[in-house]
Amino acid sequence: MAIRLTINGEKQVFHGDPRTSLLEVLRDTFRLTGAKDVCGEGFCGTCNVHINGEALPACLRPIGMLEGAEVTTIEGLSPMGTFNAVQAALEKHDVVQCGMCFPGLVMTMSKFFETNSNPSRAEIKSAMTGNLCRCTGYELIVDALASIAHERGLVQ
Ligand code: FES
Ligand code: FES
């Protein structure tokens, strides 16, 4: 079966079993390995990508349901060689430990900041609940993300 979709702005066609997860298609067919395969069951958020404008776990989406979809992965989030505000804050605050959870976290929080440019710490924590970090540096991650509004001059 052929499934047509757009990935990082490029038209792509997947030929194969429509039950294959988007995560497997991204990693194995298109060699986009930024989305990580950890739980494979929708619990950890390491595989989150943007599907039609929403941050969602790619491991739970059969490719057969994505005909005509627009998918953005961490590789296509920012122009080559640049960081968006979320990536820049995490890098500046040096909060990445093993790094396994970060692609999914960046996808979730980049979408979140599109709709809430000046969130409270509680709102940031709530938005992060679907993204588990086994290295558990949560407070430092929240510090980094909370700094975004300050650096944009939204908080005095
Ligand atoms: S690998 Fe998809 S949510 Fe954990
Ligand atoms: S930095 Fe290691 S899992 Fe989050």
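1. Some housekeeping: residues count from 1 along each chain as its sequence is written, and side-chain values use heavy atoms, without hydrogens or water. As the model is predicted, local features need pLDDT of at least 70 and side-chain atom pairs pLDDT 80 or more, while totals for chains, interfaces and linings use all residues.

2. Start with the domains: domain 1 covers 2-76 and domain 2 covers 85-153, with bounds from an automatic or database domain assignment. Their C-alpha centres sit 22 Å apart. Domain 1 brings 15 residues to the contact and domain 2 brings 13 (contact: heavy atoms within 4.5 Å).

3. Together the domains bury about 1,100 Å², 65% of it on carbon and sulfur atoms (buried area: accessible area, 1.4 Å probe, that two parts lose on being put together, summed over both). On the domain 1 side, Asn48, His50 and Ile74 lose the most area, together 40% of what that side buries.

4. How many salt bridges cross the interface of domain 1 and domain 2? The rule finds zero (Lys or Arg side-chain nitrogen within 4 Å of an Asp or Glu carboxyl oxygen).

5. Now look at the largest pocket, with a volume of about 180 Å³. Ile74 turns up again in its lining, as do Phe83 and Val96 among others. By class, the lining has seven nonpolar, one polar and one charged residues. Helix H2 (85-92) and helix H3 (102-115) each supply at least two lining residues.

Terms used. Chains are lettered from A and ligands numbered from 1 in the order in which they are written. On a 1 Å grid over the protein atoms alone, a cavity is a set of points where a 1.4 Å probe fits but cannot get out, and a pocket is an open set with protein on both sides within 12 Å along at least five of seven lines; lining residues have an atom within 4 Å of a point. Grid points are joined across faces, edges and corners, and a volume is the space filled by probe spheres set on the points. Helices (H or I, at least four residues) and strands (E, at least two) are DSSP runs, numbered from the N terminus. Ala, Val, Leu, Ile, Met, Phe, Trp, Tyr, Cys and Pro count as nonpolar, Asp, Glu, Lys and Arg as charged, and the others, Gly among them, as polar.
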